[in-house]
Each structure stands twice: as structure tokens, then as C-alpha cells.
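Reader: Please take me through one part of this model in detail. I would like to see how the site around the ligands is put together.

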Amino acid sequence: MTTRLIIGGTVVNATHTSLSDVLIDGEKIVGVVSPDSEIVQTALRGDIDIIDASGKYVIPGGVDAHVHLQLPMTPQATSSDSFESGTQAAAWGGTTTVIDFAGQIKGTAIPEALESRLAEASGQCAIDYSLHLSIGDVNKQSLIDIAGLVDDGITSYKLFMAYPDAWYSDDGQILQVMQLAAESGAMTMMHAENGIAIDVLRDQAAERGNLGSVWHGRTRPPELEGEATHRAIQLAIVAGAPLYIVHLSSTNALREVARARDEGRNVFAETCPQYLYLSLEEHLDQPGIDGVRHICSPPLRSSADGNQDNLWMGLRTDDLSVVATDHCPFCDAEKLLGVDDFRETPNGLGVIEHRMDLLFQGVRNNEISLQRWVEICSTTPARLFGLQGRKGIITSGADADIVIYNPDTEHVLGASSHHMDVDHSVWEGMAVKGQAESVLSRGNFVIRNREFVGNAGHGKFLKRAIPEPLR
Ligand code: DUC
Ligand code: ZN
Ligand code: ZN
């Protein structure tokens with residue numbers, strides 16, 4: 001087992017920042033100690049790998065709680081990052097844990113969905129990974145199967161109020177699943193958009209010949225995200241279950257979450273970098289390939305009402321608890337399927353590599369504090385999804401998932417330099433300051449001084465504990 005000592009850095013946890021050295025034995029952190037402590041002096045006299053982090057931040061590896069690698073979104077389009085390429089790209093950006101999804105499509109069984117997704121990921125990942133379950137068919141048998149999921153370490157599942165022809169669950173089905181979650185302690189995640197109303201708007205737009213990419217946004221108005229978020233919260237209250245709203249994009253939905261949290265409910269929400277930085281006017285409302293590259297669901301929102309500013313504020317006030325990516329990239333050939341009809345575009349974009357850097361710009365711009373950056377990108381997602389104590393924290397006993405982050409490195413995001421397996425970037429030309437310089441996963445270097453030294457298969461499947469959803 002290798003012993004390593006990270007010296008000279010500023011250790012940033014969600015709760016405090018300190019000038020400490022970090023001692024690693026094998027896969028675990030065994031000490032976060034003062035540089036002049038006896039333990040450091042003894043370690044320095046031994047056979048030890050010294051990592052100099054002077055002038056850098058030493059942060060817990062990022063936990064991206066929402067990604068879609070090699071997801072067959074439609075018969076014609078599978079998200080372009082594989083488990084191998086996507087987890088490598090995540091590591092380049094300072095993320096050391098990803099949670100993807102196994103999907104139970106209508107008419108299929110949950111155990112098979114899980115088994116096949118686990119087989120796809122096995123041996124491919126450069127960093128640790130886990131799976132939520134997307135539930136597309138709530139019936140008698142699936143309710144039995146869902147109840148047993150926690151024993152397999154799957155302690156969270158996603159339901160959909162959108163997509164009536166595919167993933168949709170009605171309110172009764174949602175309530176039943178939430179009742180199970182209330183019993184088991186699992187976390188229910190919700191895609192909160194009113195899909196029935198959205199489908200009416202989409203049909204009406206198409207009948208009028210409104211098929212450009214901006215109509216993807218105009219037919220999914222923020223009111224229908226707000227309404228669904230409200231309804232999901234009420235159902236969770238009735239069931240007595242905690243609730244996690246995924247990919248929250250609008251002020252309308254944020255208000256509903258804030259109100260519930262003000263009432264003391266165990267309601268949480270994640271937003272994504274694309275909703276913090278990109279907008280309907282500037283990015284989605286473009287002709288041709290430029291527009292369809294920005295189609296994701298929920299859609300990019302208008303900036304006219306200060307939506308992005310409100311989301312940053314939500315991160316400050318803790319009404320938004322997590323930033324995940326919903327990484328789901330498609331190459332231009334797949335995106336072009338919808339260039340004449342937005343409804344044919346596979347939804348999603350690529351961001352897994354850039355989440356930590358994009359949110360660090362929020363620190364630089366005084367939108368969030370350094371500790372809050374760590375909290376929303378690592379510590380809270382670990383806690384809400386049953387990885388508390390293992391991931392998202394630099395403390396004795398935790399996995400040695402650690403990033404040496406250089407706050408002074410300037411770089412420009414774009415397709416020629418990124419490691420995501422997608423042939424364009426919605427972040428093209430964006431200049432940022434701050435970069436993961438070295439990345440350790442369970443004590444092993446994945447990135448060392450901006451060189452990839454990891455391997456597919458290092459990443460282990462994480463069976464997760466019951467989440468700790470207390471506010
Ligand atoms: N929801 C997701 O979480 N990801 C991709 C598309 C969607 O609707
Ligand atoms: Zn969704
Ligand atoms: Zn998603």
C-alpha cells in the first residue's frame with residue numbers, strides 16, 4: 001500500500017478551511033493534520049510519496065449525482081460519452097464519483113434493467129460510480145422490486161412527470177413509490193415538468209409550423225416546471241418522504257422549493273451549470289446546428305427575468321442544495337436529426353468535465369463562497385445519496401478522493417481541448433480561471449500534473465447507504 005502526504009495546501013471542506021497536510025494510507029485518508037505535527041514529521045522520515053500542494057486548494061473529489069453515459073435516448077441516438085470516456089473526462093475536471101441511471105423502460109422489469117446497466121459499466125470506469133434507478137413502469141411487480149432496491153445499494157430512484165409516451169408516472173403511481181421511499185429511507189428524484197400540458201403545446205406549435213429549436217423552450221414554459229414541482233412536493237408531504245428535484249431550471253420551480261424548505265420540509269433541488277450560464281435567447285434561439293446543440297430538458301430559460309441570477313441566489317441561500325451536470329452529450333450528426341423539427345432532437349449536452357471549473361467561477365465572481373463550492377459539488381450530493389463519510393469530505397476514514405486544484409490556471413473551454421467524447425462544445429471559447437491539477441481516486445492518481453495516469457476498471461461500483469436527508 002502506498003502512503004502519501006499532501007503538504008502545503010489549503011484544505012477546503014464544506015464546513016471549514018485550514019492550512020493542513022493530508023496523510024493517505026492506501027485508499028483512505030488517515031490524517032488531516034497541522035504541518036508541524038509529530039505525525040507529519042514521522043511520515044516525512046518514512047518511505048512516502050510527497051505531493052506538494054503549495055498555493056493550491058486541496059478539495060474533496062467532485063460528486064456528480066446526475067449523468068447519462070452511453071444512454072440510448074432514441075433508437076437513432078445514444079449519448080456519445082461511454083462509461084470509459086465519460087468517467088475519464090469527469091476526472092480531468094476534478095470529479096471522482098458519478099451517479100448514472102439504470103432505466104426501467106415500460107414493459108420491462110427492474111432487476112433486468114439494473115443487471116444490464118451494471119454490466120455495461122463494469123470494468124469501464126476510471127473513477128467510482130453508482131446508479132440511481134429511473135422508473136418508467138410503476139405496477140404491482142415493480143413496487144415489490146423497488147422495495148428491495150436498498151438491499152442492493154440502490155437508495156434513490158427517479159420518476160418523471162414529463163414524457164407521457166415513455167417515462168411518465170401519474171400522481172397515484174408517484175404517491176405509491178414515495179410511500180415506499182418513506183418506509184425505506186430511499187430518495188425520490190423527480191423530473192418535474194407537466195408533460196401532459198407540454199405535449200399539447202408541442203402539437204400546437206408543430207401544427208403552426210413552429211419547428212425551430214427555440215420552440216423546444218417555448219413549449220416547455222417555466223410555469224409548467226413550477227406547477228409540477230409544487231405537485232411533487234405536495235405528494236411527497238402526503239407520503240412523508242424526502243424529495244429531490246433534478247435539473248431545476250426556473251425561478252418558478254425555485255420558489256416552490258424555497259417555500260417548502262421554509263416550512264421545514266425535506267425537499268432538495270439540484271441545478272446544472274447550463275441553467276446558470278446559458279439562456280434561451282442567446283443559445284437556444286439560434287438557427288441550424290447552433291440551436292439544436294443547446295436542446296436539453298428542461299430547456300434553457302429566458303434571462304429576461306433574471307433567471308440565472310436567481311439560481312445563483314438559490315445556491316447561496318441553500319434553496320438549491322446541489323449542482324450536478326445531467327451530462328448527456330450527442331454529436332452533431334445526432335443533434336442534426338432535429339434541425340428541421342425540434343421534436344426529433346435528442347435532448348442533452350456535454351458538461352461533465354467542466355462542472356467544478358464553472359462553479360469555481362462562481363467563487364471568483366463572489367456568487368458563492370469557497371466552502372459552498374465544495375458543499376454543493378461534493379459534500380451534499382454525497383450525503384443526499386448515501387455516500388456520507390466516504391465521499392465529498394476530507395477527513396480521517398474517508399476515501400482518499402482528493403483534487404489538488406490550482407486557482408490560478410487560466411484556460412479556455414472548447415472541443416479541441418476537452419476530453420469528453422463529443423465533437424462540439426456548448427462552452428466553446430469560454431475563458432475560465434482555476435483547474436484540477438492532480439486527481440486521486442481512493443489514493444490512486446487518475447490525473448497527475450495534468451496527465452491522465454488512470455485506467456478503465458479502477459472505478460468501483462458503490463453500493464450506497466440510506467441517504468441522510470436532514471436539512
Ligand atoms: N431528463 C434528464 O434527466 N436527462 C436527459 C433528459 C431528461 O429529460
Ligand atoms: Zn429528467
Ligand atoms: Zn438526466
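Author: A polar contact is a pair of N or O atoms within 3.5 Å; within protein, one must be able to donate a hydrogen and the other to accept it, and residues adjacent in sequence count only if both atoms are side-chain atoms. Lys158 makes one: its polar side-chain atom lies 2.6 Å from an oxygen atom of ligand 1. His191 has an N or O side-chain atom 3.4 Å from an oxygen atom of ligand 1. Alone, ligand 1 exposes 240 Å², and the protein buries 94% of that (Shrake-Rupley method, 1.4 Å probe).

This is a predicted model: local features need pLDDT of at least 70, side-chain atom pairs count only at pLDDT 80 or more, and totals for chains, interfaces and linings use all residues. Side-chain values use heavy atoms, without hydrogens and water; residues are numbered from 1 along each chain as its sequence is written, chains are lettered from A, and ligands are numbered from 1 in the order written.

Now the metal. Lys158 (NZ), His191 (ND1) and His247 (NE2) coordinate the zinc ion (ligand 2) at 2.1 to 2.2 Å. Donors are N, O and S atoms within 2.8 Å of the metal (3.2 Å for Na, K and Ca); water is not among the atoms, so sites may look incomplete. Their spacing along the chain is K-x32-H-x55-H. Lys158 sits in strand β13 (residues 156-160), and His247 in the loop between β15 (243-245) and α9 (251-262), 89 residues apart. Helices (H or I, at least four residues) and strands (E, at least two) are DSSP runs, numbered from the N terminus.
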